[in-house]
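Visitor: I am new to protein models. Please show me how to read one.

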Amino acid sequence: MFDVFVYGTLKPGQVRWPLLKQYAPAYVTRCEYPGYLYDCGDYPAAVFTQNGSDTHIMGYSVTFLARQQEEILATLDKVEGVSYDLFVQKEIDVAVYAYEIGPRLLSLSLQLCAAEDALFSWGKGKGKTHV
């Protein structure tokens, strides 16, 4: 088994959730990891920090079968723009993968999200909406 931590448009019920749902996750668990979010308009971008951080990113851990790992991560690399340096794939815990802000987005003047923005959803074309 392996997990993908999702915190924005890939969360259950959000615009990109069907991309993960098609792989029939074994478990979906609400959780959080140390870090903070940048507001990129239609989507957030995370920076993960070490344990002990004052801020946490709220999201979901989505568990899949190990044999699906290569295919799912390759799909997410495309969706998250890894080849364009928008996001980078990062192992944030043992067998837990997430996508962190990449060099191209870091070069922009982005605003940090307030802690309460974890309660918002992002979706292409609709900006943030309260959930």
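Guide: Start with the pocket. On a 1 Å grid over the protein atoms alone, a pocket is an open set of points where a 1.4 Å probe fits, with protein on both sides within 12 Å along at least five of seven lines; lining residues have an atom within 4 Å of a point. Here the model is a predicted one, where local features need pLDDT of at least 70, side-chain atom pairs count only at pLDDT 80 or more, and totals for chains, interfaces and linings use all residues. Residues are numbered from 1 along each chain as its sequence is written, and side-chain values use heavy atoms, without hydrogens or water.

Visitor: How many residues line the largest pocket, and which lie nearest its centre?

Guide: The lining has 18 residues, and Thr9, Arg16, Tyr43, Glu80 and Phe87 lie nearest the centre.

Visitor: What kinds of residues make up that lining?

Guide: Sort them by class. Ala, Val, Leu, Ile, Met, Phe, Trp, Tyr, Cys and Pro count as nonpolar; Asp, Glu, Lys and Arg are charged; the others, Gly among them, are polar. This lining has eleven nonpolar, three polar and four charged residues.

Visitor: What is the mean pLDDT of the protein chain?

Guide: pLDDT is the predictor's confidence in each residue, from 0 to 100. The chain's mean is 87, and 86% of its residues reach 70 or more. Over residues 124–131, pLDDT is below 50. Where pLDDT is low, the predicted coordinates should not be read in detail.

Visitor: Which pattern does the chain follow along the sequence?

Guide: Helices (H or I, at least four residues) and strands (E, at least two) are DSSP runs, numbered from the N terminus. This chain has three helices and nine strands. Their order is β-α-β-β-β-α-β-β-α-β-β-β.

Visitor: Is Val62 buried or exposed?

Guide: Buried means under 20% relative accessible area, exposed over 50%, partly exposed in between (1.4 Å probe, protein chains only). Val62 has 0% relative accessibility, so it counts as buried. Val62 sits in strand 4, residues 56–64. Contact means heavy atoms within 4.5 Å. Beyond neighbours within four places in sequence, Val62 contacts several residues, including Phe2, Trp17 and Tyr27.

Visitor: Where is Ala24 found?

Guide: Ala24 lies in the loop between helix 1 (17–21) and strand 2 (27–39). Ala24 is not a glycine, yet its phi is positive, about 50 degrees. With a relative accessible area of 58%, Ala24 is exposed.

Visitor: And what is the phi of Ala95?

Guide: It is positive, about 60 degrees, although Ala95 is not a glycine. Ala95 is in the loop between strand 5 (87–93) and strand 6 (96–101). Ala95 is partly exposed, at 23%.
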